[in-house]
Amino acid sequence: MNVKNLILNEKYNNSKNFFEKAKANQIFLKNKKLIDLSLCSGVVFLGHNHSVFKKSIRNYVKKNISIFSGPNIHAVKLSKTIKYFFPNFEKIIFCNSGSESVIKALRISRAINNHPLIISVTGSWHGSVDQTLFYPNKSLLPKPLSAGLKLFDKKNLIFIPYNDKDKSKKILDKYRKKINCIIVEPIIASLPSKKSFSYLKFLENYCKKNNIILIFDEIITGFRSKKGSVQNQLKIKPDITLIGKILGGGLPIGAIGISKKIYRKIKKSRLKIFFGGTFSGNTLSTYIGNDVLTFIKNNNTLLDKLIKNCKIFEKKVNTFISKENIDAKVFRFDCMLRIIFSKEKVYNSIQRDFFEKKNYQLKSKFEKFLLKKNIYYPPNGIILLSLTTNSKEITYLIKNICLGLKKYFKIKKQSLN
């Protein structure tokens, strides 16, 4: 996330337009139906108020299940379902949110190696966490995204550029003996390529060689990707994995999956690491989450259907962009889509922000144009289609997104004079 996006989101948060309710792939604003391309930033994979979600809530109440500030059988059941998607997890620690899972994962890492430096890969977003709430400037130095952050956290955060192995290795080599961990969202800004897959392998190999903890933030990509995750697709085994979003079935949750290697280190050193929290692994989130995740597990063609629709979107919009000479391009990773408002080749968020810089004002107008067409464009730029989105709605989305792109991003022919 960049600073300008953060400011735009702040303006949105301060608006008087508050959502009221939602159903399937539609969200309601002042009784006006909008096609929702955010889906609660990826939480409601099945769509808003899906029948599985509603039935699960009814059953929760019917069975007189209550909240317990302690271990419960529903968290155990969800753990078993998670391991179907993430077989490398030796132990799972539940949290209240994705941000909390980041905080506790960093705590685990510090407890094991006691090194001060966190290495963050540019373009990754790790929630509202003080230790990572910074963005890199042109020199990759951390700049605060919020007031109230500690100088200590700034000093102990180092950025390396996504998809740039040479520059990343140079920085890592410089700080190698002081590194606590490397934390990364494996797919950043929906920009997959052979180059990014190679970069992730580089991080895995570097961490193994230098005994550095590798943390994969799969809060968005977990359960939304082929084979359940990016790490499964690429056969990469991070030491710690963060998951959330889809995991709660529509309710707040986060979780940390730790590898056998990390679990053994904790046990061997007899480390006392605190993970508690009143609502961590609470029965409501874990019961609903397990029902929804089990439904996804038992209906594995759902993801294939969604990916197919996303491919149609990607192909048709990019064909239109090429034909009309528009300064934009659609990128896709499985069922995650993103429009980059530049025709230039981009491999990371730094390049994306640089090339998009001249188009920030136009991007805002484009989003307002879509809003008038009853389409809610996601503030974070990640376009997510619902399983309930039908072919007619996809056609409508493609048509109006293409109209908006042509209106604001068509490259004008230069005069020969």
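F86 and F89 are both buried, where buried means under 20% relative accessible area, exposed means over 50%, and partly exposed is in between, with a 1.4 Å probe and protein chains only. Before going on: this is a predicted model, where local features need pLDDT of at least 70, side-chain atom pairs count only at pLDDT 80 or more, and totals for chains, interfaces and linings use all residues. Residues are numbered from 1 along each chain as its sequence is written, and side-chain values use heavy atoms, with hydrogens and water left out.

Now the ring pairs. Rings of Phe, Tyr and Trp (its six-membered ring) pair if their centres lie within 6.5 Å; planes under 30 degrees apart count as stacked, over 60 as edge-to-face, and the rest as tilted. How many aromatic pairs does this rule give? The count is 14. One of them is F19 with Y376, edge-to-face, at 5.0 Å centre to centre and 75° between the planes. That pair links distant parts of the chain, 357 residues apart: F19 is in strand β1, residues 19–23, and Y376 is in strand β15, residues 375–376. Helices (H or I, at least four residues) and strands (E, at least two) are DSSP runs, numbered from the N terminus. F19 is partly exposed at 30% relative accessible area, whereas Y376 is buried at 9%. Back to F86 and F89: their ring centres are 4.7 Å apart and the planes are at 15°, so this pair is stacked. Both belong to a cluster that ring pairs build from Y84, F85, F86, F89 and F223.

Y84 also has a charge over its face: K297 lies 4.8 Å from the ring centre. The criterion is NZ of Lys or CZ of Arg within 6 Å of the ring centre and within 35 degrees of the ring normal. K21 does likewise with F28, its charged end 5.1 Å from the centre of the ring.

Next, helix α11, residues 283–298. Its 16 residues should span 22 Å at 1.5 Å a residue, and the end C-alpha atoms are 22 Å apart, which agrees; the expected span is 1.5 Å times one less than the number of residues. Its buried residues include Y287, I288, V292, L293 and I296. Among the elements covering them are α3 (51–62) and α4 (73–85), with contact meaning heavy atoms within 4.5 Å. At the start of α11, a side-chain oxygen of N282 comes to within 3.0 Å of the backbone nitrogen of L284.

Helix α8, residues 194–210, passes the span check too: 17 residues should give 24 Å, and the end C-alpha atoms are 24 Å apart. N211 follows α8 and has a positive phi, near 55°.

On to the hairpin. Strands β13 (329–333) and β14 (336–340) pair in the antiparallel sense over five bridges; pairing requires that DSSP finds at least two bridges. V330 stands opposite I339. Two residues separate the strands, and D334 in the turn has a positive phi of about 50°. Four of the five residues of β13 are buried.

Last, H126. Is H126 buried or exposed? H126 is buried, at 5% relative accessible area. Its side chain makes a polar contact with the side chain of D217, at 2.8 Å. A polar contact is a pair of N or O atoms within 3.5 Å; within protein, one must be able to donate a hydrogen and the other to accept it, and residues adjacent in sequence count only if both atoms are side-chain atoms.
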